[in-house]
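Me: Could you walk me through this protein model, one question at a time?

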Amino acid sequence: MTSRDTTPRRSTPRRSTPRRTLLKGTLLGTAAALVPAAAAAATRGAAAAPAGTALRLPAPTGPHPVGLRTVHLTDLSRTDPWVGGPRQVMLTVLYPARTVRGCPRAPQLTRDEADAFAELAPLVHEGLPVKGTVDWGAVLTHGHVNAPPLPGPRPVLLYSPGGGDSRTLGTHLAEDLASHGRIVVLVDHPGDASQVELPSGLRYTVLRGEPDPATFHTMIDTRVADLRLVLDHIPDFLTGIAPEAPAIGIYGHSAGGTAAVYAAHHDRRILAAADLEGYLDLDDLGSLDRFDRPLLLLRTDGFDGAARLERSWAGLPGRRALLTGAGHWSLTDYAALVPRLQTAGLVTSATRTALVGTADPAVNVEVLRHRVRGFFARHLL
């Protein structure tokens, strides 16, 4: 089955309960590269973007250009815990490309996603610009739509984003990994993600502020099942990209880091895991005392949940790393975007510090990339 196949199928069972899924591929369109020279003035007194202001993601550093495909999965054996009906997820697959000639760069968000995010941004992350100030749909990725893949076997990495964030906020790190020869699958988790465009339309987040313990448990349990669904279908949607069964790793930010490690704990197909500042204290999902895969535990020095984080990581055999002068969302694309918004006068210094810290964004972007890239290079051949 290819990533464009829309035929229902029953997947090979990986556990006692059969899983029935649908697999569908879609392609993203293009968008303009720059924020408009004079964005409309926002309500509540925010300033419009100055002329020439551009929001750009940092370029990948590897030797290969990056190809991009999107995939839609439906799990007919699971009920979506937030809205009912079969569970659906959206994926972005990034991979080293043989050539990108004639293949347009994809926007970070589709136009409908960007319109939704413009409203949600200051609600999801206090202090981000209000709607009408920034054209989020004008931010281009470095992924080229449907570019022909570079031949050869290569590792696959799954990525789960932070709670309330969409998969697209992990773009710069994923593109860098792909440019260095990895295949990276960005996984959206509809319901807790801020917005996700499905074939049936947009889904919005159900979260209103910090989730209570029961909601957080549902989030992680659902995400782990989503990641197992993706694992089941790697041979399907990587047809034409990867020629053989790949070595698989996983990483995630915040709630995504939590889900990544618990998914690895329950699934031996995952050979290495990286947790970017996610709590690991959900004992009812399984004790991690005997976690026996390579594990990277990376945090920032500006995370206000550091005490709980350190308690939850205590005793784990993972490799520790610290990003200094950084905030919780410096482990995402906000590391590059928020300082540009501050320079344009669209966020305050306090908002910048709370979200991504005070360090030079170029430095922290490179440190994050180096740490994650090096970890998986050591443990996934």
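Reply: Happy to, and a note on the model comes before the questions. This is a predicted model, where local features need pLDDT of at least 70, side-chain atom pairs count only at pLDDT 80 or more, and totals for chains, interfaces and linings use all residues. Residues are numbered from 1 along each chain as its sequence is written, and side-chain values use heavy atoms, with hydrogens and water left out.

Me: Is helix H4 largely enclosed or exposed, and why?
Reply: Helices here are DSSP runs of H or I with at least four residues, strands are runs of E with at least two, and both are numbered from the N terminus. Buried means under 20% relative accessible area, exposed over 50%, and partly exposed in between, using a 1.4 Å probe and protein chains only. Ten of the twelve residues of H4 are buried, so the helix is largely enclosed by the rest of the structure.

Me: Which elements cover the buried residues of H4?
Reply: The buried residues of H4 include Gly256, Thr258 and Tyr262. With contact taken as heavy atoms within 4.5 Å, their cover includes strands S7, S11, S12 and S13, and helix H3.

Me: Where is Trp82, and how far is its C-alpha from that of Val206?
Reply: Trp82 sits in the loop between strand S3 (66-79) and strand S4 (86-96), and is partly exposed, with a relative accessible area of 22%. Beyond residues up to four places away in sequence, Trp82 touches several others, among them Arg87, Pro190 and Val206. Trp82 and Val206 are 124 residues apart in sequence, while the C-alpha to C-alpha distance is 7.4 Å.

Me: Which residues have the most contacts inside the largest nonpolar core?
Reply: A nonpolar core is a set of buried Ala, Val, Leu, Ile, Met, Phe, Trp, Tyr and Cys residues joined through side-chain atoms within 4.5 Å. The largest one has 51 residues, and its largest share, ten residues, comes from H3. Those with the most contacts inside this core are Leu91, Val93, Leu158, Val185, Phe237, Leu238 and Ile250.

Me: Which residues does Val93 contact?
Reply: Neighbours within four places in sequence are left aside here. Val93 then has contacts that include Val71, Ile183 and Val185, and also Phe237, Leu238 and Ile241.

Me: How many residues does the second, separate core have?
Reply: Tyr159, Leu177, Tyr251 and Leu331 are among the members of this core. The number of residues in the second core is 28.
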